[in-house]
Amino acid sequence: MSNLLILPILVPLVTAVILIFFSKNILIGRWVSVISSIVTIISSLVLVNQIHMDGIQTLDIGSWPAPFGITLVSDMLSALLVTTTSIISFCCILFSFRSIGKERERFYYYAIVQFLMVGVNGAFTTGDIFNLFVFFEVMLMASYVLLVIGGNKIQLRESIKYILVNVTSSTLFVITVAYLYSVVGTLNMADISVKINQMGQTGIITVIAILFLIVFGLKGAIFPLYFWLPGSYYAPPAPVMALFGALLTKVGVYSILRTYSLFFYHDTGYTHQILWILSLITIVIGVIGAIAYWDLKKIIIYNIITAIGIILYGISQMTKDSINGSVFYLIHDMLIKAALFLLIGIIISITGTSKLRNFSGLINQYPFLGWMFFIATLSLAGIPPLSGFLGKLLIAKGGFLEKDFVGALIVLLSSLFVLYSLMKVFINGFWGTFKGERNQTAPVKFLLVPTTVLIVLAIFYGVGSEWISTYISQASEVLINPSIYIDAVLKE
Amino acid sequence: MEILMAIVIGILFTSGVYLILSKSLLRIIIGTGLLSHGAHLLILTMGGLKRGAVPILGEDGSKYTDPVPQALILTAIVISFGVTAFFLVLAYRAYQELGTDNVDKLRGSEGNE
């Protein structure tokens with residue numbers, strides 16, 4: 001069935017349209033969105049299996065041959081990311097039931113979450129550069145609404161900044177596509193790669209590569225384009241924050257990974273050098289922020305920036321090990337960031353504050369929550385049996401093999417500070433004597449269910465890395481060797 | 001012709017960036033409008049401004065202008081319409097709730113201690 005790879009886009013889209021009609025009936029909204037996310041998860045898992053068996057799946061929309069129509073391409077990387085996205089949004093939707101509040105639910109909340117999934121899954125699956133722009137806009141439009149829904153003062157204020165930054169970066173994206181179109185005369189990603197290969201990587205192509213880095217760096221919050229992220233991600237409620245932190249920036253990272261491995265791999269000296277420097281500064285900025293703050297949300301937000309730096313460092317090395325590690329770390333980071341945001345969402349719903357100095361001694365009343373947070377912390381820092389280990393190991397190994405000791409050491413040292421920043425939360429918030437308020441009516445048991453699902457998945461992802469690595473290496477093979485992708489799309 | 005267009009687009013971008021860096025929210029939104037005008041004109045220019053018939057097959061001409069950039073612009077225009085409409089309503093709401101349109105007064109200090 002060749003239409004399989006469109007299902008992770010189509011199912012949320014149809015669901016979102018249906019949910020618009022049932023916005024006032026919260027119960028139907030909840031059930032429909034849960035069922036459709038389960039369908040999305042199942043279809044994306046079937047897709048992963050199909051790609052594992054038969055290689056890259058492509059679908060020419062409307063049966064127009066490859067460079068002329070829009071082609072959807074699902075290789076292992078995008079299928080794995082689509083699966084992760086579907087699982088995370090399922091958990092966030094489940095988390096929303098008891099935490100987001102009836103007012104928001106009545107105002108199209110579930111429909112907008114589905115639209116966000118359409119955008120993210122579409123951006124991961126598309127094989128056309130302008131179609132990527134359109135899916136970015138679908139995703140961003142949904143994220144604007146999710147950020148502002150509820151209309152608190154802080155949300156209004158931060159939405160203005162978030163929208164302004166993203167309008168500017170979208171304009172830059174359009175400009176970059178225009179430049180690229182004038183040079184290569186095509187929009188299909190595989191065909192662009194072929195054309196760049198024919199003309200060689202001239203100066204103008206390098207300029208376009210840097211422009212793409214600026215565009216996707218603005219989406220994915222790399223140094224020096226990360227300035228909007230700490231404020232904007234602070235504003236929305238926990239499940240929305242988890243969706244944003246896990247998905248939105250990773251789409252930018254995926255786009256950098258895709259463009260830099262598919263288009264601009266001929267003259268890597270200049271572009272990848274810049275990526276290398278920026279990724280290392282991004283890591284440093286992230287850890288500085290993470291250890292500076294005494295606020296739960298800010299600590300996790302700066303950890304997003306650190307993780308993006310680590311993934312991009314792996315991309316900048318462009319060796320088999322480091323790309324493997326980056327893909328491994330990307331999926332791990334999506335899972336664990338979503339889990340951490342949901343965990344601090346639970347903590348905030350109990351204590352009513354995100355300030356770390358205002359409460360302590362949670363472990364007596366909430367031992368399960370405490371140990372879950374502990375496992376998530378160790379997993380994020382990369383302690384061996386857990387999920388963050390193998391990715392970072394491969395990235396550091398790739399760095400050392402390339403004789404880049406500075407970069408590899410920064411990656412390794414960053415783990416220490418990441419561990420410190422979250423252990424600070426654990427020690428100050430969970431240990432110690434009873435301090436601060438406790439909201440006894442917080443539905444902790446219910447909220448822990450989706451969070452535990454994510455953490456169990458992260459543990460499984462780490463323990464079963466032997467089994468998963470066959471899929472990961474299939475994903476990174478396409479990135480190392482773009483001709484596989486091109487042959488699959490253009491069918492030569 | 002392309003040179004002239006490039007200069008005009010450059011002026012549009014300059015004015016857009018200047019307006020975005022100002023303090024009033026409405027000037028910022030006007031700036032984003034100018035930026036998207038510039039971007040759309042840039043797609044048209046970069047697609048080539050060679051003479052040819054309009055891209056309708058009934059028109060008899062040996063050459064047609066490139067139809068792809070026009071489709072891209074049409075898509076980009078409606079997207080920026082949607083975003084701008086949302087942004088304007090957001091600015092209106094923010095003015096009602098926060099009582100200011102000065103961006104300097106929209107600072108937050110959450111999480112800082």
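## Exercises on a predicted two-chain model

According to an unreviewed UniProt entry, the annotation "transmembrane region" covers residues 6-21, 28-49 and 69-92 of chain B. The structure used here is a predicted model.

**Exercise 1.** Determine how much helix and strand chain B has over residues 6-21 and over residues 69-92, and how far apart the end C-alpha atoms are.

*Solution.* 
1. Take residues 6-21 of chain B: this stretch is 94% helix and 0% strand. Its end C-alpha atoms lie 22 Å apart.
2. Take residues 69-92 of chain B: here the chain is 100% helix, with 0% strand. The end C-alpha atoms are separated by 34 Å.

**Exercise 2.** Describe the contact between chain A and chain B by residues, buried area and polar pairs.

*Solution.* 
1. Count residues with heavy atoms within 4.5 Å of the other chain: chain A gives 35 residues and chain B gives 35 residues.
2. Find the area: about 3200 Å² is buried between the two chains, and carbon and sulfur atoms give 79% of it.
3. Look for salt bridges between chain A and chain B: the count is 0.
4. Look for polar contacts: 3 residue pairs across the interface qualify, both residues being at pLDDT 80 or more.

**Exercise 3.** Assign the side of chain A that touches chain B to helices and residue classes.

*Solution.* 
1. Helix H6 (129-148) and helix H7 (153-184) of chain A each supply at least two residues.
2. H7(A) gives the most, with 18 residues.
3. By class, this side of chain A has 22 nonpolar, 5 polar and 8 charged residues.

Terms used. Residues numbered from 1 in each chain as written. Chains lettered and ligands numbered in written order. Predicted model: local features only at pLDDT ≥ 70, side-chain atom pairs only at ≥ 80, totals over all residues. Heavy atoms only, no water. UniProt positions renumbered as here; feature names shortened; annotations may be inferred. Helix = DSSP H or I, 4+ residues; strand = E, 2+ residues; numbered from the N terminus. Buried area = accessible area lost by both parts, 1.4 Å probe. Salt bridge = Lys/Arg side-chain N within 4 Å of Asp/Glu carboxyl O. Polar contact = N/O pair within 3.5 Å; in protein donor to acceptor, adjacent residues only side chain to side chain. Nonpolar A, V, L, I, M, F, W, Y, C, P; charged D, E, K, R; others polar.
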